[in-house]
Amino acid sequence: FFISSSILLILFIGLIWSIDPYDRLGNNLFNFDTKAVAQSRENKYYLFDSSKKSYEAFILGSSAAHRYPTEKLKDLTGYETFNYAVQHSTPIDYLAIMKHILSKSKPKLILLQIDFSSINHFYHIDNRLFNSPLAKYLKNQKPQDKFFDNSNFTLDALRDSLRVVFVNTFGEARHIYQEDGNYRKEKEITKEVKVRVSLAKEYKVSEKRIDILYEIKELAKKNKIRLITFTAPLYIKHLNKIFENKTSLKNHSKFIAEIRKVFPDLINFQTKEIKEFENKRYFRDSSHPSKVLSEIIIDRLMK
């Protein structure tokens, strides 16, 4: 049993390493055309870089900002809008993206969503940033995570590795990101909103990441960009989990205070008022708002 289990473990780890479904290592041993897992940094880089539109407004943030529809912001402002939100992002992502934007366009407006975990020193920078075309906009920055990253030792990683093999052999890759960086059309969820809360055991504000936020602020000022910052809305049961834990509540208060030092006009949606939207119509899961709620958020931001 021990020998069989060890062999299976080695085979599974070898499969994940050789396929690298999340592109964190830059491996592609079998020369697959697509990883079949959404690579927002790479996909959106090329969507924006190859577009002939003159974008004047941008939406930045994490996966929680994926569903903010560009057409809604365009209707309110008249600006051509691009959604440049990427998964598992931190301030260094926002900076690289902003530099890419400035290399190609002259934006007038940027909406920047900032996550609770994004300035936590213990929340690792996603290696997909360093393996994407955005890496060229970074100086003296190196990957933090190697193969021994928890995400590589999960059933999800194994499943996604097998998905990569299947899609490249028998199927066709889904295009999750559409024109203007918009997220693909989704069916409404029929079940109750899943509450997934992972309270950080360690939370320490990263001074480097705060400095990067100051750099972003200066870039916006220098280029005469209206920069609106806000926190992502969280489902009320998710938010309550944070507020009911003394340590998490203290860390959350610290997060808001530190961000407001940089951006005094920060608009905070992580408050008890979110109970008004305690419905599956407004959330895909407890940390990802639906397109319906995303439109409401944009409307409130612009007002």
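1. Buried means under 20% relative accessible area, exposed means over 50%, and partly exposed lies in between (1.4 Å probe, protein chains only). By that scale Glu-186 is partly exposed, at 26% relative accessibility. Arg-284 is partly exposed too, with a relative accessible area of 23%.

2. A note on the basis. This is a predicted model, in which local features need pLDDT of at least 70, side-chain atom pairs count only at pLDDT 80 or more, and totals for chains, interfaces and linings use all residues. Residues are numbered from 1 along each chain as its sequence is written, and side-chain values use heavy atoms, with hydrogens and water left out.

3. Arg-284 and Glu-186 form a salt bridge, with their closest N and O atoms 3.8 Å apart. A salt bridge here is a side-chain nitrogen of Lys or Arg within 4 Å of a carboxyl oxygen of Asp or Glu. Arg-284 sits in strand E5 (residues 283-285) and Glu-186 in the loop between H5 and H6, so the pair ties together parts 98 residues apart in sequence. Helices (H or I, at least four residues) and strands (E, at least two) are DSSP runs, numbered from the N terminus.

4. Now the pocket. Glu-186 and Arg-284 are among the residues nearest the centre of the second largest pocket, together with Ser-290, Lys-291 and Val-292. The lining has 18 residues: five nonpolar, three polar and ten charged. Ala, Val, Leu, Ile, Met, Phe, Trp, Tyr, Cys and Pro count as nonpolar, Asp, Glu, Lys and Arg as charged, and the others, Gly among them, as polar. The volume is about 450 Å³.

5. Pocket terms. On a 1 Å grid over the protein atoms alone, a pocket is an open set of points with protein on both sides within 12 Å along at least five of seven lines, and lining residues have an atom within 4 Å of a point. Grid points are joined across faces, edges and corners, and a volume is the space filled by probe spheres set on the points.

6. Lys-291 also has a salt bridge, to Glu-71 (3.2 Å, N to O). This pair links helix H9 (residues 291-302) with helix H3 (residues 70-77), 220 residues apart. Lys-291 is partly exposed at 42%, and Glu-71 is partly exposed at 36%.

7. The whole structure has 14 salt bridges. One of them joins Lys-53 and Glu-179 (3.0 Å, N to O). Lys-53 is in the loop between H2 (40-50) and E1 (57-60), and Glu-179 in the loop between H5 (155-169) and H6 (207-222), so parts 126 residues apart are tied together. Lys-53 is partly exposed at 30%, whereas Glu-179 is exposed at 54%.

Conventions: 1 Å grid on protein atoms, 1.4 Å probe; cavity = no way out; pocket = protein on both sides within 12 Å on 5 of 7 lines; lining within 4 Å.
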